[in-house]
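Please read this briefing alongside the sequence and the 3D structure.

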Amino acid sequence: MKKTVRSRRKVYGQLLKHARRQPHRECCGILAGQDGLITQAFPAKNVAADPIRNYEIAPSEIVRLMGELRKRRLEFLGIYHSHPNWLDTNEPSPKDIALAHHSESIYFIVTPRPYATTPIRAFSIRNGRVVELDIQVLP
Ligand SMILES: [Zn+2]
């Protein structure tokens, strides 16, 4: 049985909007919430040298976002990024798997493609092992 991650519908909308605003490059940010329920997305700047193929959040921005979460009493739950519209899939790339250091967090991958059947997919990535999670969207 697939594990389930719960997310507010609003977050779903935020991620799609963020990815579609820049469909030709990767966008990224963090996911936060309470009791495992993702209630908010915080967009971050993609500082990767090649933002068309990679994403990277600057350490200083992570520190700033963590402070923001503490202030709002939210838990850090995961990281999201998009794969540009010329890529067929929103599955973790070999690089995504290699760079997944936060083993407890959930990775959301978004595609800006307008007719994608699963525009947002969730994964847990631990020691190079990828498991897809079901996303339960709550109002
Ligand atoms: Zn990726």
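The points below are grouped by topic.

This is a predicted model, in which local features need pLDDT of at least 70 and side-chain atom pairs count only at pLDDT 80 or more, while totals for chains, interfaces and linings use all residues. Residues are numbered from 1 along each chain as its sequence is written.

**Overall fold**
- The protein has three helices and seven strands; helices (H or I, at least four residues) and strands (E, at least two) are DSSP runs, numbered from the N terminus.
- Read from the N terminus, the order of elements is β-α-β-β-α-β-α-β-β-β.
- The radius of gyration, taken over C-alpha atoms, is 14 Å, close to the 14 Å that the globule rule gives for 139 residues, so the protein is as compact as a globular protein of that length. The globule rule is 2.2 Å times the number of residues to the power 0.38.
- Along the principal axes, the C-alpha atoms fill a box of roughly 40 × 35 × 30 Å.
- Of contacts between residues at least 6 apart in sequence, 65% join residues at least 24 apart; a contact needs C-beta atoms, placed from the backbone, within 7 Å.

**Burial and core**
- Buried residues make up 30% of the 139 residues. A residue is buried if 20 or more other C-beta atoms lie within 10 Å of its own, exposed if 12 or fewer, and partly exposed in between.
- The largest nonpolar core has 27 residues, and those touching the most other members are Leu15, Leu31, Tyr80, Ile106, Tyr107, Phe108 and Val110. Such a core is a set of buried Ala, Val, Leu, Ile, Met, Phe, Trp, Tyr and Cys residues joined through C-beta atoms within 7 Å.
- Strand E5 (106–110) is among the elements that give two or more residues to this core, and its five residues are the largest share.
- Leaving out residues up to four places away in sequence, Leu31 touches Ile38, Ala41, Leu77, Gly78, Ile79, Tyr80, Ile106 and Phe108.

**Helix H2**
- The 13 residues of H2 (residues 59–71) should span 18 Å at 1.5 Å a residue, and the end C-alpha atoms are 19 Å apart, which agrees. The expected span is 1.5 Å times one less than the number of residues.
- The count of buried residues in H2 is zero.

**Two loop residues**
- Leu87 sits in the loop between strand E4 (75–82) and helix H3 (94–98), and counts as partly exposed because it has 16 C-beta neighbours inside 10 Å.
- Asn127 lies in the loop between strand E6 (120–126) and strand E7 (129–138), and counts as exposed because it has 7 C-beta neighbours inside 10 Å.

Technical notes:
Contact = placed C-beta atoms within 7 Å.
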